[in-house]
Each structure stands twice: as structure tokens, then as C-alpha cells.
Amino acid sequence: MGAEGLVDVVTTAERRQAYLDAGWWDGQTLPGRVAHHAAERPGDLAVVDEARTATYAELVADAARLADALRTRGVGEGDVVSVQLPNHYETVVVAVAVLSLGAVINPLLPNYRERELGHVFTTARPAAIFTPGHFRGCDHPALVADVVAASGVAPLNVVLDDGAGVAEPAVAYAALLASGDAGARLGDRDAAAVSELIFTSGTEAQPKAIMHTEQTAGFSVRIAHHDLGLTDDDVVWMPSPVGHSTGFNYGLRFALHHGLPLVLQDRWDAETALQLVQQHRCSYTLAATTFLQDLTETAAAEGVRLGSLRLFGSGGAGGGEGADFCG
């Protein structure tokens, strides 16, 4: 994509100014918000996944170090970085790091294969892609190599190592993170520039790449927070995949923008969901109706009342999103 032309491609200059004048858009960015939370309350809980917890100070330190490492690899302003990772803490680190560089994040579902990735590569032409190693029956580095050979687009493949090792030309996430400056500071970006590229489902046609800026995405999470009446005491639980707009924008982005804890669930299981909601007093989520039905039926069967969970946004009765997640 490149840095040139990244501003004023989402809407006209006149409409942009009208939105600014109305107060609907502003200069806030996700990395800026995360840095603010880390400075104001560094010890507050930022992210919980099924393996670890991290404070806002830890999240900023990891994201700044990763951003420094990516910068030395040539990733910078306007470059697209595809992220095909599960609901893990590292995915959050990558998102904050990429956005802090002025690069464009491209969330992808982990179940994308050669056809879907080929379309992403030829359309978005990513400078880097973050993937798992072997995950749910798929050798992701081999998949990326096949797509590179077919498309001629060769992004840096950063692999979240599963213990099996990472072979060149791929790079292990842990090694890349370790190569960054441990004292690096988190950068920020132009709120008006394109920062997010997210593909539609392609139900009726070839998936389209939708562009967002920090202004368009930030407005959405601010108005949702206001209209739903959330407070600083709320906890975001996200079982929807962060490779989907639901999980990324109304889970990851929503929580971090407002400085709320983000509780990630990697694979749908109602028993696990019940435990996470109870343990962390989760109060808000957005997920498919199949998740809601499973959760309420399991809670009823066990005689559990989830009193903390007061906001459950839901849609897609056909279970499309659930099917993506549970594959």
C-alpha cells in the first residue's frame, strides 16, 4: 500500500472536516491510548489469555520492543502487516506494535488457507505476516510458502513457535521480539491515515478489503462504550476470533481503547467460557448466538448464575462466525 495517499482515501476532505467539527472524529489512536493507560496505571490488568496475564506496562514494553524489531526489518509507515493468529496475548502485542509503527494491520482468521491467503497477498501485498506454526492440523509456514510461490508476494513470515522450531526463511516470534531494543518506547501514528485493512466474508462475491483509520474505528468503540453504559469496572471477554472484525474491533480494540481488561478465549468451549466469566467477572462481549445458547444452557445445567455478564451483543443466528471459530 505504501504511505503515499493513505490520508483522505476513506472519505472526502469535506466530510472529514465535518466529522471533526462535530466531534465524531478526533486524534486518538489505539497505541496512544494504550501508552496513556500504561503511564497512568501501569499495574492494571490489560490482557488475560488461557496461558498468562499481562499488565498495561508489560503490554507496552513488549509492543515497543516488537515494533523496534519490525522497524529494523524494514516494516514501517503504510506497510500492511497481516496477522493470522489465534486469541493469544501475542496477537495483542502484534496489533499494538504494528499500529504504533504507522503500519496497517490486516487481521485474518486462522482457518484461511491457500485460496483466501492468495487473495489477501495479491490484494494487500503485506510486508509481513504473523502466523502460528502447526495449528489445528495446518502447517502455517508451509502454507505461506505455497502462497508466496503462487502469488510472487513474499512477506516476512513471523511464526509464533509451537515448540517444533522455525525453519528459514520464516522467523520465530520469540527471536524477533528478543532482537528488539528492550528500552524502546512505543510510538504513535496519524489518526487520519489508514490503519486497518479487514476483508469482508465474501459470501456473495470475492472478499473486499475495507479500510479503516483510527478515527473511524475509534468513533465506533467510543459510541458503543457510551451507548451501552460501560464503566471503568467492566471487563471485556472475547471468545470471537480476533482475526474477525467482531473480535478485533469490539474485543481487542474496544478493551484497550478504554483501558479495560481483555479476557481472551482461544477456542469455543462452554465450560471454559463459564470458568473465564466467573473467574474474571467478565461483563461484556460480542459473539454469535450459538455461543450465547451454549453458555446459557451450560450455566443452567450447572445451576450457575453469571451475574457479572450484563452485556452480550449477538448476531448471526446461522452460526457463521461460530463456524469460523470452532473449526
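**Notebook: charges and rings in a predicted model**

I began in helix H3 (residues 56-72), where Asp-68 and Arg-71 sit 3 residues apart, so about one helical turn separates them. Helices here are DSSP runs of H or I with at least four residues, strands are E runs of at least two, and both are numbered from the N terminus.

I noted the ground rules next. The model is predicted: local features need pLDDT of at least 70, side-chain atom pairs count only at pLDDT 80 or more, and totals for chains, interfaces and linings use all residues. Residues are numbered from 1 along each chain as its sequence is written, and side-chain values use heavy atoms, with hydrogens and water left out.

**Salt bridges**

I looked up what joins that first pair. Asp-68 forms a salt bridge with Arg-71, and their closest N and O atoms are 3.7 Å apart. The term means a side-chain nitrogen of Lys or Arg within 4 Å of a carboxyl oxygen of Asp or Glu. Side chains of opposite charge can pair when their charged atoms come close.

Is Asp-68 buried or exposed? Asp-68 counts as buried, at 18% relative accessibility. Arg-71 is partly exposed at 45%. The cut-offs are under 20% relative accessible area for buried, over 50% for exposed, and partly exposed in between (1.4 Å probe, protein chains only).

How many salt bridges does the structure hold? I found 8. One of them joins Glu-116 to Arg-115, with the closest N and O atoms 3.3 Å apart. Glu-116 is partly exposed at 25%, whereas Arg-115 is exposed at 65%.

Then I checked Asp-266. Its side chain meets that of Arg-136 in a salt bridge (3.4 Å, N to O). This pair links distant parts of the chain, 130 residues apart. Asp-266 lies in the loop between strand E13 (262-264) and H10. Arg-136 lies in the loop between strand E6 (134-135) and strand E7 (138-139). Asp-266 counts as buried at 16%, and Arg-136 as partly exposed at 30%.

I also logged a network of salt bridges that links Glu-196, Glu-214 and Arg-253.

**Aromatic rings**

I turned to the rings. Rings of Phe, Tyr and Trp (its six-membered ring) pair if their centres lie within 6.5 Å; planes under 30 degrees apart are stacked, over 60 edge-to-face, and the rest tilted. The count by this rule is 6 aromatic pairs.

Tyr-19 and Trp-25 have ring centres 4.7 Å apart and planes at 70°, so they are edge-to-face. Tyr-19 is partly exposed at 23%. Trp-25 is buried at 9%.

Trp-237 and Phe-312 are edge-to-face too, because their planes stand at 70°, with centres 6.3 Å apart. Where do these two sit in the chain? Trp-237 is in strand E12 (residues 236-238) and Phe-312 in strand E15 (residues 311-315), 75 residues apart. Trp-237 is buried, at 0% relative accessibility. Trp-237 and Phe-312 also belong to one aromatic cluster with Trp-268 and Phe-291.

**A charged patch**

Last, I looked at the surface. Which residues gather there in a patch of negative charge? They are Glu-50, Asp-269, Glu-271 and Glu-302. Patch residues have over 30% relative accessible area and no salt bridge, and like charges are joined within 9 Å. Glu-271 is found in helix H10 (residues 270-280). Glu-271 is partly exposed, with a relative accessible area of 36%.

Terms used. Patch = residues over 30% accessible without salt bridge, like charges linked within 9 Å, V, L, I, M, F, W, Y side chains within 5 Å. Areas by Shrake-Rupley, 256 points an atom, 1.4 Å probe, with all protein chains shown as cover. Lys, Arg positive; Asp, Glu negative; His and termini not counted. Charge placed at Lys NZ, Arg CZ, Asp CG, Glu CD.
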